[in-house]
Every structure is written in structure tokens, then in C-alpha cells.
Amino acid sequence: MSGALPERTIAFLSERSDLYGGGQRSLCDLSGRLRGRGLRPLALLPGPGPLAEVLERQGTEWAALPLPSLLSGGGLGACLALARLVRLLRRRGADLLHSDSPRTALYAGLAASLLRRPHVWHLRASLPASAASDRLLVALSDRVVSVSRAAAERSPAVRQSPKTRVVHTGLPAIEFLPRAAARAALDLPPPAFVCGVVGRVEEDKGRDDALAALFAVRRVSPSALLAFLGPVDGRGRWAHTCSLRAAAAGAAGAVRFSGGRPDAARLLKAFDLLLHPSRHEALPRVVIEALFAEVPVVAAAVGGIPEIIEPGRSGLLVPPGDPEALGHAAAAIAASPEIGRSLARAGLQRAREHFGIERMLAEIITVYDEILPPRRSAPRDGRRGTVAGRAREATP
């Protein structure tokens with residue numbers, strides 16, 4: 001007689017363990033909630049780091065497996081890494097591979113082909129390396145999960161493939177620090193109107209547009225500050241010139257650099273407004289986090305951002321690369337706190353309705369069910385009823 005259905009092992013491949021960014025946090029959110037649903041997550045990382053530490057705390061198993069770049073350090077090293085990956089997946093009885101970047105998608109796709117296992121490529125970027133690379137990765141995938149409709153349009157291969165599914169990122173509950181505590185953690189004065197920019201401080205993220213917007217905001221709120229919460233690109237040279245430009249415009253000391261913080265999401269209530277003037281985005285996690293934090297958002301209408309924000313209701317959208325429009329929208333919120341409160345209330349409602357973790361989890365599991373073969377019951381004597389199950393039992 002048969003007993004309970006055996007668990008299936010989902011192998012998540014990540015090319016980074018030292019950068020705990022949006023993709024890595026989504027990996028944790030998803031893998032941590034698969035247990036108890038007939039699925040067993042196994043994360044394959046380059047080695048120890050912040051990502052591995054979070055996975056350990058939530059009880060998700062991980063293994064070290066560096067995957068060298070095929071462009072720099074490819075050749076024999078890449079072939080050996082692929083062979084190690086195939087051996088590990090076979091030994092651990094992986095039933096499905098789930099990748100989250102072009103590099104891991106290539107390795108996972110090749111390994112899945114050799115093992116005859118399904119592969120899901122989680123597409124998180126709005127711009128492809130090339131149309132040819134997307135064609136290859138789509139061919140090596142059984143499903144392509146795009147985080148936004150905009151990202152699903154990034155190339156003909158992704159856009160035209162029947163394998164493509166759109167699953168918006170969903171977030172678990174976040175324990176936000178209260179405004180006063182968050183401001184104290186970032187050394188921000190309690191009374192000032194603070195515009196926050198979260199993420200790497202680089203040109204593509206619209207850092208110059210954010211600085212221009214500050215000057216517009218200070219015309220209606222003279223003590224307003226601009227706080228960058230993220231690592232500074234360019235070895236800090238831009239940060240120095242930015243401070244000089246602010247001083248020359250009569251805003252000395254009005255720009256703050258708080259550096260990268262793994263707890264950045266918890267600190268969002270320190271801001272009166274989130275500025276997000278990026279040049280391109282798939283579906284920025286921080287914008288969703290700001291909605292949950294009830295912080296009004298002014299963002300460039302690029303990529304998947306219009307899929308998050310309802311213009312004029314749950315946030316304000318402006319054309320990309322238009323610092324004047326960005327500053328005008330930010331100044332309107334600074335001049336009228338009620339506008340900000342109204343946007344924040346509607347933003348929280350939208351986040352709860354469309355960007356919760358349970359919705360994302362259900363949609364991802366539906367994708368898994370589309371490509372995994374039906375499960376067979378395990379014998380009551382404890383032996384697995386599938387090849388994958390027997391492989392797991394053989395694992396030391």
C-alpha cells in the first residue's frame with residue numbers, strides 16, 4: 001500500500017552570496033515558504049555570506065557551488081563546474097531547477113537537459129545582454145517567470161515564447177522601525193522633510209535627477225534633506241562633487257550618504273518621500289517596500305514601475321530623465337502633507353492587494369505544477385516511490 005506523497009526537491013541557483021539584494025531576498029522569501037507544501041528547497045550558492053546566513057536562520061538547506069563566468073574564466077573551469085553541478089543535483093535528487101540570473105540560467109539549463117529535469121528561469125532584469133543570449137536561455141528553460149509585464153517584453157524570444165509567465169514579486173510582512181527610531185539609525189534630524197533614494201548610488205539610478213529634485217523641494221521646504229541609502233558607485237567621487245554642488249546651490253549639508261544597509265527596508269519610515277528616478281527597472285522591490293511602509297513614492301515611469309504605481313492614486317510617476325518633473329512632483333508632496341498621506345494610504349492598500357508573498361507563492365507553485373510530472377505515492381516501508389526520492393535517501 002502507498003503512504004504520503006514524497007517531497008520534491010527544488011534546487012535554487014544563485015550566482016551571488018555576498019550581495020544581499022532584491023533577487024537574493026526574493027529567493028529567501030520563496031524558499032522559506034515552500035516547506036510544508038510537498039516541496040523541499042535546496043539553495044546552491046558560491047559560498048558563505050549574508051545570503052547563506054539568512055537561509056540558515058530560516059531553516060533552508062544550502063550547499064556551496066561556485067559557478068564561474070563563462071566570459072571571464074570559462075572554458076575548462078566552466079565545464080568542471082557544470083560537471084560538479086550535475087553530480088550534486090543527481091546526488092541530492094533534485095526534481096526541478098530554479099535559476100535567477102543569466103549565468104545561473106545557463107548552467108541550470110544545461111544541467112537540466114543532461115538530467116532530464118525541468119528548469120525555471122526567473123527573469124528579474126528589464127534589459128537583456130543580447131537578443132541571442134535570451135534566445136539561448138529561453139531554449140534552455142521549461143518556463144520563464146518574468147517579474148513584470150515590462151520585463152517580459154525585453155526581447156522577441158521572451159515576448160513570443162509560450163513558456164513565459166508574469167509573476168509579480170510578492171513580499172512578506174516587514175517589521176518597519178518607527179519613524180523616530182529609523183531617523184536615529186540614519187542620523188537624520190527629526191523635523192526635516194527627507195527625500196530618500198534607496199539602492200546603489202549610480203548614474204542609471206538617476207542620482208543627478210534626485211539632486212535636482214532636492215533643490216525644487218527646498219523651495220517649499222527650506223530645511224529639506226536628500227538621503228542616499230545604498231553603496232556609492234565610482235569610489236565616492238560623485239558623492240564629493242554632489243556635496244560641493246549642493247553647497248554651491250545654498251544647500252550645504254543637505255545631502256546625506258548612509259551607505260549600504262542590509263536592513264534598508266526596515267528603515268523606510270525615516271523618509272517623508274521615496275524618490276526613484278531610475279533609467280530602467282524590471283520591478284523594483286524598494287518601491288513595493290515603500291508602499292507597505294506607507295511612504296509616498298515619486299518615480300520615473302520606466303519598466304515595471306507603472307505596474308506597481310497607479311499614477312496619481314498610489315504614487316506619482318514622471319517621465320524618465322526629467323529632473324524638472326521629478327522635482328515638481330516631489331515639491332507638491334512637500335508642500336501638501338495631505339497629498340502625501342492620501343498617496344500613502346492608497347499605496348498600502350494596493351501593496352496588500354497585489355504584492356503579498358502568498359499570492360506570489362501560489363503563482364510560482366502553479367508554474368512548478370505545469371512542468372513537474374505527477375507524483376507517485378511512497379511505499380509505507382519508507383522507501384521513495386520515485387527515482388528522485390531514492391536518490392535523496394542515498395544522500396549521506
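Reader: How many of the 12 residues of α8 are buried?
Author: This is a predicted model, in which local features need pLDDT of at least 70, side-chain atom pairs count only at pLDDT 80 or more, and totals for chains, interfaces and linings use all residues. Residues are numbered from 1 along each chain as its sequence is written, and side-chain values use heavy atoms, with hydrogens and water left out. In α8, 9 of the 12 residues are buried, so the helix is largely enclosed by the rest of the structure. Buried means under 20% relative accessible area, exposed over 50%, and partly exposed in between (1.4 Å probe, protein chains only). Helices (H or I, at least four residues) and strands (E, at least two) are DSSP runs, numbered from the N terminus.

Reader: Which elements do the buried residues of α8 pack against?
Author: They pack against β8 (194–198), β9 (225–229), α9 (237–248), β10 (255–257), β11 (273–276) and α12 (323–335). Contact here means heavy atoms within 4.5 Å.

Reader: Turning to aromatics, which residues form one cluster?
Author: Phe 228, Trp 238 and Phe 257 do. Rings of Phe, Tyr and Trp (its six-membered ring) pair if their centres lie within 6.5 Å; planes under 30 degrees apart count as stacked, over 60 as edge-to-face and the rest as tilted.

Reader: Is Trp 238 buried or exposed?
Author: Trp 238 is buried, with a relative accessible area of 9%, whereas Phe 257 is partly exposed at 29%.

Reader: And where does Pro 311 lie?
Author: Pro 311 is in the loop between α11 (305–308) and β13 (316–318). Its relative accessible area is 60%, so Pro 311 is exposed.
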